[in-house]
Amino acid sequence: MLFAYVPSGTTLEQIAIETGEVPAAAVWIDLVNPTLPEDRKVETLVGVAIPTREEMQEIEISSRLYVESGARYMTATLMCQSDSPQPKTTPVTFILAGGRLITVRYDEPKPFVIARNRLAKHCPATVSGESVMIDIMDAVIDRTADILERIAVEIDTVSHNVFERGRSRSPKFYNVILQTIGRKGDLTSRCARASSRSAACSCSSPTRPRACAGPRTRRRRSSRCTATCSRSPTTRRSCPTA
């Protein structure tokens, strides 16, 4: 699916693009499980390459942050389905080009729903791709904090049940306790991995000059910086293009 978000007064209006072209006034273009024609449509409008799903799953930070054709790319790992018995992480690519934000994703992380609802109620008159990206990342931070807080409360409840005196418990009860601890441990570790990868990316956020130097090699549809990148947020160096 392809969604375009166009400023409308003090709100950001969502438009589903099934046929026709993407509005030129769109400040945010959201590609969800995009088809090849949808990729091509956005590439034609913005003039930059849309990464494939395989490229988004790259592990190296140097492959998750790069500049190409004047556009800045960042792929972050976000939590998804954290309220379900099977939480998982999913890669999301953010592209800043020509004042627009393009997001490419293959799942529905909760922060996108939160940011979308907020902007549908109110957005500044000076809304831009950069400001929308900041709103989404703020929602990511808030959502991660909520998940960790919920885990802490649930672990406290488990601890109380385990150490409560004066009551006998069946083996089945303790099996449930162990399963609960295992699930919360898995969710915590996923949050930690997602946060560490996103933090590494944010140190060289596309809204800042990226610290990198070295040769660039050509891959399937886009260039990648293969050098080891310095991710200090205080470092201001440029990354040469091919």
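This is a predicted model: local features need pLDDT of at least 70, side-chain atom pairs count only at pLDDT 80 or more; totals for chains, interfaces and linings use all residues.
A residue counts as exposed when its relative accessible area is over 50%, as buried when that area is under 20%, and as partly exposed in between. By this rule S69, with a relative accessible area of 60%, is exposed.

**Backbone features in the loops**

S69 is located in the loop between β4 (65-68) and β5. Its phi is positive, at about 55 degrees, although S69 is not a glycine. Most residues other than glycine have a negative phi. N33 is a further non-glycine residue with a positive phi, in this case of about 45 degrees. N33 belongs to the loop between β3 and α1 (36-46), and its relative accessibility of 42% makes N33 partly exposed.

The loop between β2 (11-16) and β3 contains I17. With a relative accessibility of 7%, I17 is buried. I17 and M1 are separated by 16 residues in sequence, while their C-alpha atoms are 7.6 Å apart in space.

Strand β7 covers residues 100-105; because 6 of its 6 residues are buried, the strand is largely enclosed by the rest of the structure. In a regular strand the side chains alternate between the two faces of the sheet. In β7, R100, I102 and V104 point one way, and L101, T103 and R105 point the other way; all of them are buried.

Two pairings of β7 may be described. Strand β3 (residues 28-32) pairs with β7 in the parallel sense, over 5 bridges. In this pairing D30 stands opposite T103 of β7. Strand β6 (residues 88-97) runs antiparallel to β7, and 6 bridges join the two. Here L96 has L101 of β7 as its bridge partner. The hairpin of β6 and β7 has 2 residues between the strands, and within this hairpin G98 adopts a positive phi near 60 degrees.

**Salt bridges**

The structure contains 6 salt bridges. Three of them are listed below, with the distance between nitrogen and oxygen.

| Pair | N to O distance | Relative accessibility |
|---|---|---|
| D107 and K88 | 2.7 Å | D107 15%, K88 31% |
| R105 and E108 | 3.2 Å | R105 1%, E108 36% |
| R118 and D142 | 3.4 Å | R118 40%, D142 36% |

The salt bridge between D107 and K88 has an N to O distance of 2.7 Å. D107 lies in the loop between β7 and α4 (110-121), and K88 lies in strand β6, so this pair ties together parts that are 19 residues apart in sequence. D107 is buried, whereas K88 is partly exposed.

R105, a residue of β7 that is buried, forms a salt bridge with E108. E108 itself is partly exposed. Both residues also belong to a network of salt bridges that links D30, R105, E108 and R116.

Since R118 lies in helix α4 and D142 in helix α5, the pair ties together parts that are 24 residues apart in sequence. R118 is partly exposed, and D142 is likewise partly exposed.

**Cavities**

The structure holds 2 cavities of 30 Å³ or more. Helix α5 gives the most to the lining, with 4 residues.

**A nonpolar patch on the surface**

I155, L178 and I181 form a nonpolar patch on the surface, and together they have about 260 Å² of accessible area. L178 is part of helix α6 (residues 171-202). With a relative accessibility of 59%, L178 is exposed.

Technical notes
Residues are numbered from 1 along each chain as its sequence is written. Side-chain values use heavy atoms; hydrogens and water are left out. Patches are made of residues with over 30% relative accessible area and no salt bridge: like charges are joined within 9 Å, nonpolar side chains (Val, Leu, Ile, Met, Phe, Trp, Tyr) within 5 Å. Accessible areas come from the Shrake-Rupley method with a 1.4 Å probe; for residues, only the protein chains shown count as cover. A salt bridge is a side-chain nitrogen of Lys or Arg within 4 Å of a carboxyl oxygen of Asp or Glu. Buried means under 20% relative accessible area, exposed over 50%, partly exposed in between (1.4 Å probe, protein chains only). Two strands pair if DSSP finds at least two bridges between them. On a 1 Å grid over the protein atoms alone, a cavity is a set of points where a 1.4 Å probe fits but cannot get out, and a pocket is an open set with protein on both sides within 12 Å along at least five of seven lines; lining residues have an atom within 4 Å of a point. Grid points are joined across faces, edges and corners, and a volume is the space filled by probe spheres set on the points.
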